[in-house]
Amino acid sequence: QERQYDEQLTFLRDRECSRFGEACPELPLDFNDIIYLIRELWRGRSARDGEPPLRPGGDKGLHRATAHLRLTRWDKSEPPTVDNLVLLTLEQADEHDVTALEDLRTNDPDFYARCTRMLTKARHEHYY
């Protein structure tokens, strides 16, 4: 299971460098941040999937395969921090990277509100 988090960290580094080229920033994240984002915050699901269903006996999503998912910046003008990364499928992440946040707020208000709420939660849990 640790391997999937290592892979996600590598995917994020590669994505950042492909998006920002020579201006590719050093990631202000470590392995534990990746675990928190994927396992605790997004529960191994794309942010587009909505809230995970509550199951009797707990959330089995903590052991979900994540090879098809990618972390990408929510707000492209801000650095890739714990409170600015969403987990999406590769296709969704590529689409998100070319979509303005204002367009999301207008055209997909439920998704915008859910992600904003989750990233605020990350900010409070991680930094305070």
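**Figure 1. The whole chain, end to end.** Helices here are DSSP runs of H or I with at least four residues, strands are E runs of at least two, and both are numbered from the N terminus. Keep in mind that this is a predicted model: local features need pLDDT of at least 70, side-chain atom pairs count only at pLDDT 80 or more, and totals for chains, interfaces and linings use all residues. Residues are numbered from 1 along each chain as its sequence is written, and side-chain values use heavy atoms, with hydrogens and water left out. Out of 128 residues, 41% are buried (under 20% relative accessible area; over 50% is exposed, and partly exposed sits in between, with a 1.4 Å probe and protein chains only). The chain exposes about 7,300 Å², with 50% of that coming from carbon and sulfur atoms (areas by the Shrake-Rupley method with a 1.4 Å probe; for residues, only the protein chains shown count as cover). Take the contacts (heavy atoms within 4.5 Å) between residues at least 6 apart in sequence: 63% of them join residues at least 24 apart.

**Figure 2. Inside the largest nonpolar core.** This core has 30 residues, and Ile 34, Leu 37, Trp 42, Leu 71 and Trp 74 touch the most other members. Two or more residues come from each of helix H1 (2–20), helix H2 (31–41), strand S1 (69–73), strand S2 (85–89), helix H4 (101–107) and helix H5 (109–127). To count as a nonpolar core, buried Ala, Val, Leu, Ile, Met, Phe, Trp, Tyr and Cys residues must be joined through side-chain atoms within 4.5 Å. Zoom in on Ile 34: beyond its neighbours within four places in sequence, it contacts Tyr 5, Gln 8, Leu 9, Leu 12, Leu 29 and Leu 71.

Figure 3. Arg 43 counts as partly exposed because its relative accessibility is 26%. Gly 50 is in the loop between H2 and S1 too, but at 18% relative accessibility Gly 50 counts as buried. Setting aside neighbours within four places in sequence, Gly 50 contacts Arg 45 and Arg 114. Asp 110 is 60 residues from Gly 50 in sequence, yet their C-alpha atoms are 9.2 Å apart. Thr 66, also in the loop between H2 and S1, is buried at 2% relative accessibility. Residues up to four places away aside, Thr 66 touches Gln 4, Gln 8, Ile 38 and Gly 44.

**Figure 4. Ala 122 under cover.** Ala 122 belongs to helix H5 and is buried, with a relative accessible area of 0%. Leaving out neighbours within four places in sequence, Ala 122 contacts Tyr 36, Leu 41, Val 82, Asp 83 and Tyr 127. Between the C-alpha atoms of Ala 122 and Thr 81 there are 9.8 Å, with the pair 41 residues apart along the chain.

**Figure 5. The second largest pocket.** About 160 Å³ of space lies here, and the lining residues include Trp 74, Asp 75, Tyr 112 and Arg 123. By type, the lining splits into 4 nonpolar, 4 polar and 4 charged residues.
A pocket is an open set of points on a 1 Å grid over the protein atoms alone, where a 1.4 Å probe fits, with protein on both sides within 12 Å along at least five of seven lines; lining residues have an atom within 4 Å of a point. Grid points are joined across faces, edges and corners, and the volume is the space filled by probe spheres set on the points. Ala, Val, Leu, Ile, Met, Phe, Trp, Tyr, Cys and Pro count as nonpolar, Asp, Glu, Lys and Arg as charged, and the others, Gly among them, as polar.
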